[in-house]
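Grab a pencil and take a look at the structure below. A few exercises follow, each with a worked solution.

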Amino acid sequence: MTALNGPLLYARSRGLPGAIAAPPAIALLLAWSASRPDGGSWDPGFGLPMEAICPMLAAAVIGTSLYAYADELDRTAVRAWWPRRLTHLLALTALAATALALAAASGTTGTGASVMARNTVGTVGATAISAVLVGARLSWLPVTAYLGTAFIAARTAGGTGATVWAWPVQPDRATAAWVTAAALFAAGAALHAYRGPRPDHL
Amino acid sequence: MSGVRTESRPPAVEPPAPRRAHPARGELLRGSAPWAGAAALTGLAFLLVTEADSWQGSWGETQAMLQLAAIVIIGPLAGAAGCWQGQREHRRRTHDLLAGAVRGPLARLLTAALPTALWATAGYLTATAAALLATWPYTSAGTPRLTVPLTDVVFIVSMTLIGHVTGALVRWRLLAPAFAAGAYVVLWLLPNTARETPAARHLVPVAPEHLLAESVPVWWQPLATTGWTGGLAAAAVLAYTARRRWTALLPLAVALTAGALLMQNGERMYRPDPLTQRQICDESVRPAICVRADYPGLLPQIKNALTDINARLEGVENLPARFTDLDWGPKSADAHLPSLTPYGQSVVRGRLADPERYAWEAAMALLPSMDGGCDARLEDNRVSRIDTAVEEWLAPDPWEFDELSHARAVGDTERVASIKAEQKALDAVSGRLRAMDQGERRQWLSDYFATVGTCDMDEVPAL
């Protein structure tokens, strides 16, 4: 038994190879979409909301990777789990945010790299909170519902409140949107590190 | 009697048979179905609350908003939840075990899938009931249409079933969120791709924006929509579970026929709501005030907002006969009232949002049109000042841009001097109009309104 066995087993049990491969694949999709003159839209002037779809997919990958197949067994471990959970979430979030931001920066659409990074970080945070509340494998559900709703509701919404609840739709300069995304990630990372995902048998 | 005493045994008491709960009960109360219902209800409630100004008070707008939410938010969500539920046997690796179950594949699939559909539908119907109740106190005409929630429910159930079958067929772990993203893209974008796919947009069962609010679908439109979405779902379910798979061809044929019908007819499936074409008038003032028959409750408020204008025009000749807010076919003798739609701008929850602004816009409808092709009117300073003086006399613009302050702020001294000079000249013209006695002003205004349609500036009376 080598020292690497533990991390390798952890990576396998969480499906990390797939979770690591997915964000670059999503970034490629985004780069392809962003490189088109119409931004991947089917109708000029009506673009695909890639700044929501790509972070949502990346967050779904990261959220489902938080699932523990043998959580009863995990709880009997001698070592504390929170450093592993936190490292897991931070590493995948950094990978996804970087990959998507780079892909957004390469395109011709209005979606900026910083907006993509902000939305990825905030969406992963919201997904981590969902994982603690409803279970890791279903953690994409509340976030998907929220993003779909926010993008429709934000068409006409204005005011300070909208920069908070419609944070994924806000432009780069909206400070409140950055604060909300950061708060979501901090809350999600802290909750997940402390509690871990809710055991689910769905 | 033999003398043998026989003891009769007490009848054996059968232990009560264990109550067997229907398998659907467990599916209904546990698993992901309740979460899907909660997500649908929360998402819809969030949208309704944040956009309340734009629908609360109008049956049409309320139902249009609910339909948009049902198709674009709950549809992808229910499909993804169905997909997740359909993948359950893959996750539990019980696919082979269930192949030997007593119940057939169709019964098993419906037992597993319908609870998710029921929860999503329950979330939608709860939000629908709440939204209709919230709208009710602010409406003054019309009724909600029952066919709208019915077709929406069929769509939600169909999306769940299609998602379930997709999930049962494909093992991919991320299929459910990918299904949601894909469905969202198709359902949100297809209705907005009119330029490239004008016919295909009608396959998404959401009425074009503001069409549902002001139009009535023909009687067969809900049936065709139901046939299209329900037929596709039934075909998918039968193709996956039926012993005789060819039976899926029947609902598929229904779906394709209904889909072709929807694509061919397009917006012809909607006719204007009769209420939006009739008017209710108050003839007690001059000009008379007419509003659309779907907002009769606003007539007293509009009359109240226009009280000052009507008072100042009392006895003046050459005015339009009526203020009207019909969008089509107005008589040339009518002046257009500001539009009450789209709801949520001029009118919020059955009240005029800004009566002063409304009055100003109504007054502007009496004055010469600035885009009427008569440039001479704009270029003639004398007439232009007279037009502005009459506008200020009838109803000053509450949102008038303060050009003087802006010029001072940017330090444009030349512009400041020019604005001051113009303001002085305008004040002199306005002062003369105000200084007239009532009879003189009435006569002057009558002469003025007689020249509203002319491009000959010499005809405009001096002031």
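Here are some notes on the model, then the exercises.

This is a predicted model, in which local features need pLDDT of at least 70, side-chain atom pairs count only at pLDDT 80 or more, and totals for chains, interfaces and linings use all residues. Residues are numbered from 1 along each chain as its sequence is written, with chains lettered from A and ligands numbered from 1 in the order in which they are written.

**Exercise 1.** Find which residues touch the most other members of the largest nonpolar core.

*Solution.* Start with the term: a nonpolar core is a set of buried Ala, Val, Leu, Ile, Met, Phe, Trp, Tyr and Cys residues joined through C-beta atoms within 7 Å, and buried means 20 or more other C-beta atoms within 10 Å of the residue's own. This core has 165 residues, and Leu100(A), Ile74(B), Leu77(B) and Ala120(B) touch the most other members. Helix α3 of chain B (residues 59-86) gives the most to it, 16 residues.

**Exercise 2.** Work out how α7(A) lies against α8(B).

*Solution.* First, the axes of α7 (residues 140-153) of chain A and α8 (residues 175-189) of chain B come within 10 Å and cross at roughly 10°. Angles under 35 degrees count as roughly parallel, so α7(A) is roughly parallel to α8(B). Next, look at who meets whom: Trp140(A), Thr144(A) and Gly148(A) meet Ala176(B), Pro177(B), Ala180(B) and Tyr184(B), where contact means C-beta atoms within 7 Å.

Methods: Buried ≥ 20, exposed ≤ 12 C-beta atoms within 10 Å, placed from the backbone. Helix = DSSP H or I, 4+ residues; strand = E, 2+ residues; numbered from the N terminus. Axes fitted to C-alpha atoms, helices over the stretch in contact; angles between N-to-C directions. Parallel < 35°, antiparallel > 145°, perpendicular 65-115°, else oblique. Contact = placed C-beta atoms within 7 Å.
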